[in-house]
Amino acid sequence: MSRPPAREDHPGATADTGGSAVGDRILTLPNAISFVRLLGVPLFLYLLLVARADVAAVVVLAIGGTTDWVDGWVARRMRQVSRLGELLDPLADRLYILATLLGFTARDVVPWQFTAALLARELLLLGSLAVLRRHGYGPPPVHYVGKTATFLLLAAFPVLLLAAAVPGAATVAGAIGWGLAWWGLVLYWVAGALYIVQAGRLVRAVRTRGASV
């Protein structure tokens, strides 16, 4: 059986690298930014669940969310796109979302049903990644719908926490936060469906090649 093509040969594998070649460097500025974003995850959980410093937690969460695009922009601008960076960026996004959901659910900022809906999508995606891995493929490239969903969720979370922490802002902040959160949830599932369809096409292509050999 012929070997499955590398990730660059995947249909739709058009991750936005701005034309920069993907390298193997580790010590780069964008990777350092991603590491700093990762360090913000335990700090946020400590502030939210242990210190109960909600205002500081809002600040950490807002910085972690709004800098989502910075590492990618710097990597393209400085031509420092790397394989490690391609892994760290979505990893930081997912950890922020997961940590925020668990912390918010524990503090009753969001209902458990909302958390369950997002976690169910992650479990579905993990299943598709396992299938791809078994057929010799890596993770599919990040889709712009998924990036938009992540941006909306990371924008919604600090606003929702602000609504819970500051009673005077609850009405306006709550409306804005939940508007962003529900749109983010819908697009998160749309992106998940697109990944599943892409994974199915890749698996069928492998089986078709195998049957023709």
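**A helical model and its charged contacts**

Glu122 counts as buried, with a relative accessibility of 18%. The cut-off for burial is under 20% relative accessible area, so Glu122 falls on the buried side of it. The model that holds this residue is predicted.

The secondary structure comes to seven helices and zero strands. Read from the N terminus, the order of elements is α-α-α-α-α-α-α. The protein has 213 residues, and buried residues make up 42% of them.

Helix packing comes next. Two packed helices are described by the angle between their axes and the distance between the axes. Helix α2 spans residues 54–66, and helix α6 spans residues 144–165. Their axes lie 8 Å apart and form an angle of about 170°. Angles over 145 degrees count as roughly antiparallel. Helices α2 and α6 are therefore roughly antiparallel to each other. On the α2 side, the contact is made by Asp54, Ala57, Val58, Leu61, Ala62 and Gly65. On the α6 side, Leu154, Phe157, Pro158, Leu161, Leu162 and Ala165 take part.

Helix α6 also holds Ala149. This residue is buried, because its relative accessible area is 0%. Beyond its neighbours within four places in sequence, Ala149 is in contact with Gly184, Leu187 and Tyr188. Ala149 and Val190 were compared by C-alpha position. They are 41 residues apart in sequence and 8.9 Å apart in space.

Side chains of opposite charge can pair when their charged atoms come close. The structure holds five salt bridges. One of them joins the side chains of Asp93 and Arg37, with an N to O distance of 3.0 Å. This pair links distant parts of the chain. Asp93 belongs to helix α4 (residues 83–106), Arg37 belongs to helix α1, and 56 residues separate the two. Both partners are shielded by the protein chain in the sense of the burial cut-off. Asp93 counts as buried at 5% relative accessibility. Arg37 is also buried, with a relative accessible area of 3%.

Another salt bridge is formed by Arg94 and Glu122. Their closest N and O atoms are 3.1 Å apart. Arg94 lies in helix α4 and Glu122 in helix α5 (residues 112–134), so the pair ties together parts that are 28 residues apart in sequence. Arg94 counts as partly exposed at 33% relative accessibility, whereas Glu122 counts as buried at 18%.

Glu122 has a further partner, Arg121. The side chains of Arg121 and Glu122 meet in a salt bridge of 2.9 Å, N to O. Arg121 is buried, as is Glu122.

Leu43, Tyr46, Leu49 and Val50 make a nonpolar surface patch of about 380 Å². Leu43 sits in helix α1, which covers residues 29–50. With a relative accessible area of 42%, Leu43 is partly exposed.

Backbone angles were examined last. Most residues other than glycine have a negative phi. Arg52 has a positive phi, near 55°, and is not a glycine. It is found in the loop between α1 and α2. Arg52 counts as exposed, because its relative accessibility is 53% and the cut-off for exposure is over 50%. Asp108 also has a positive phi, about 60°, although it is not a glycine. Its place is in the loop between α4 and α5. Asp108 is exposed, with a relative accessible area of 69%.

Key
Residues are numbered from 1 along each chain as its sequence is written. This is a predicted model: local features need pLDDT of at least 70, side-chain atom pairs count only at pLDDT 80 or more; totals for chains, interfaces and linings use all residues. Side-chain values use heavy atoms; hydrogens and water are left out. Patches are made of residues with over 30% relative accessible area and no salt bridge: like charges are joined within 9 Å, nonpolar side chains (Val, Leu, Ile, Met, Phe, Trp, Tyr) within 5 Å. Accessible areas come from the Shrake-Rupley method with a 1.4 Å probe; for residues, only the protein chains shown count as cover. A salt bridge is a side-chain nitrogen of Lys or Arg within 4 Å of a carboxyl oxygen of Asp or Glu. Helices (H or I, at least four residues) and strands (E, at least two) are DSSP runs, numbered from the N terminus. Buried means under 20% relative accessible area, exposed over 50%, partly exposed in between (1.4 Å probe, protein chains only). Axes are lines fitted to C-alpha atoms, for helices over the stretch in contact, and angles run from 0 to 180 degrees between N-to-C directions. Angles under 35 degrees count as roughly parallel, over 145 as roughly antiparallel, 65 to 115 as roughly perpendicular and the rest as oblique. Contact means heavy atoms within 4.5 Å.
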